[in-house]
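Try each task before you read its solution.

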Amino acid sequence: GHVLASAEMACRSAKDRGRNRVEVFAAGDVSLMQRHDDLRIFRDLLGALDRGRFRLFAQPIVPLDGRPHPPHYELLVRMLDEDNQIVVPGRFLSAAARYQLLARLAPWVLDEALTLLAARREQIERSPATFWINLSGPSVGNREFTANACARIRATRLPPGTIGIEITESTAVGEL
């Protein structure tokens, strides 16, 4: 069983790295180990998606120049395990991307963020801030998702500039 699993990981790694190539399984290969970790967390990720075991946290973005700036926050998604302990994104985002689960996670992130912010609209109107939401490149590139996201953002009636959408640099460069 171990040999077959190792061969399967090597085949999938070759496919990930560009196809038409040979890949040799090596226990120390970081890429292969990441794939193995992704397979292990995949089931947990599906369970978390089905049971709503994700939470958003707001992390302040603080400029280093020391001058006063309007507040900015990055909204970060965290998964909860079966014991309600936080699973850091490094443990689940790779699997979510590899197994095309970001398309299920992105709408939840956007809806949850907008629900939380809309509930605090009056406070945000008195003390403006920008909240940055990380979305995957494929989600932002999906016309249906984008149309729904724009309609949902407009429906919150939040002040302009309250919501910022961020995609990763690797996605932006990979999609030039």
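**Exercise 1. What pLDDT does the chain average, and what share of the residues score at least 70?**

Step 1: This is a predicted model, where local features need pLDDT of at least 70 and side-chain atom pairs count only at pLDDT 80 or more, while totals for chains, interfaces and linings use all residues. Residues are numbered from 1 along each chain as its sequence is written, and side-chain values use heavy atoms, with hydrogens and water left out.

Step 2: pLDDT is the predictor's confidence in each residue, from 0 to 100. The chain averages 83, and 81% of the residues score at least 70.

Step 3: Go element by element, and confidence turns out lowest in α8, at a mean of 58, and highest in β1, at 95. Helices (H or I, at least four residues) and strands (E, at least two) are DSSP runs, numbered from the N terminus.

**Exercise 2. Find the largest pocket and say which residues lie nearest its centre.**

Step 1: On a 1 Å grid over the protein atoms alone, a pocket is an open set of points with protein on both sides within 12 Å along at least five of seven lines, and lining residues have an atom within 4 Å of a point.

Step 2: The largest pocket has a volume of about 670 Å³, volume being the space filled by probe spheres set on the points, which are joined across faces, edges and corners.

Step 3: Its lining takes in 30 residues, with Leu93, Leu102, Leu135, Ser136 and Gly137 nearest the centre. Helix α4 gives the largest share, 6 residues.

Step 4: Sort the lining by class and you get 18 nonpolar, 9 polar and 3 charged. Here Ala, Val, Leu, Ile, Met, Phe, Trp, Tyr, Cys and Pro count as nonpolar, Asp, Glu, Lys and Arg as charged, and the others, Gly among them, as polar.

**Exercise 3. Now describe the second largest pocket.**

Step 1: This one holds about 290 Å³ of space.

Step 2: Among its 16 lining residues, Ala58, Leu117, Arg120, Ile124 and Phe131 sit nearest the centre.

Step 3: The class count is 13 nonpolar, 2 polar and 1 charged.

**Exercise 4. Is Ser139 buried or exposed?**

Step 1: Locate Ser139 in helix α6.

Step 2: Ser139 counts as buried because its relative accessibility is 5%; buried means under 20% relative accessible area, exposed over 50%, partly exposed in between (1.4 Å probe, protein chains only).

Step 3: Check the neighbours. Leaving out residues up to four places away in sequence, Ser139 touches Leu102, Ala103, Ala106, Phe145 and Thr146, contact meaning heavy atoms within 4.5 Å.

Notes
On a 1 Å grid over the protein atoms alone, a cavity is a set of points where a 1.4 Å probe fits but cannot get out, and a pocket is an open set with protein on both sides within 12 Å along at least five of seven lines; lining residues have an atom within 4 Å of a point.
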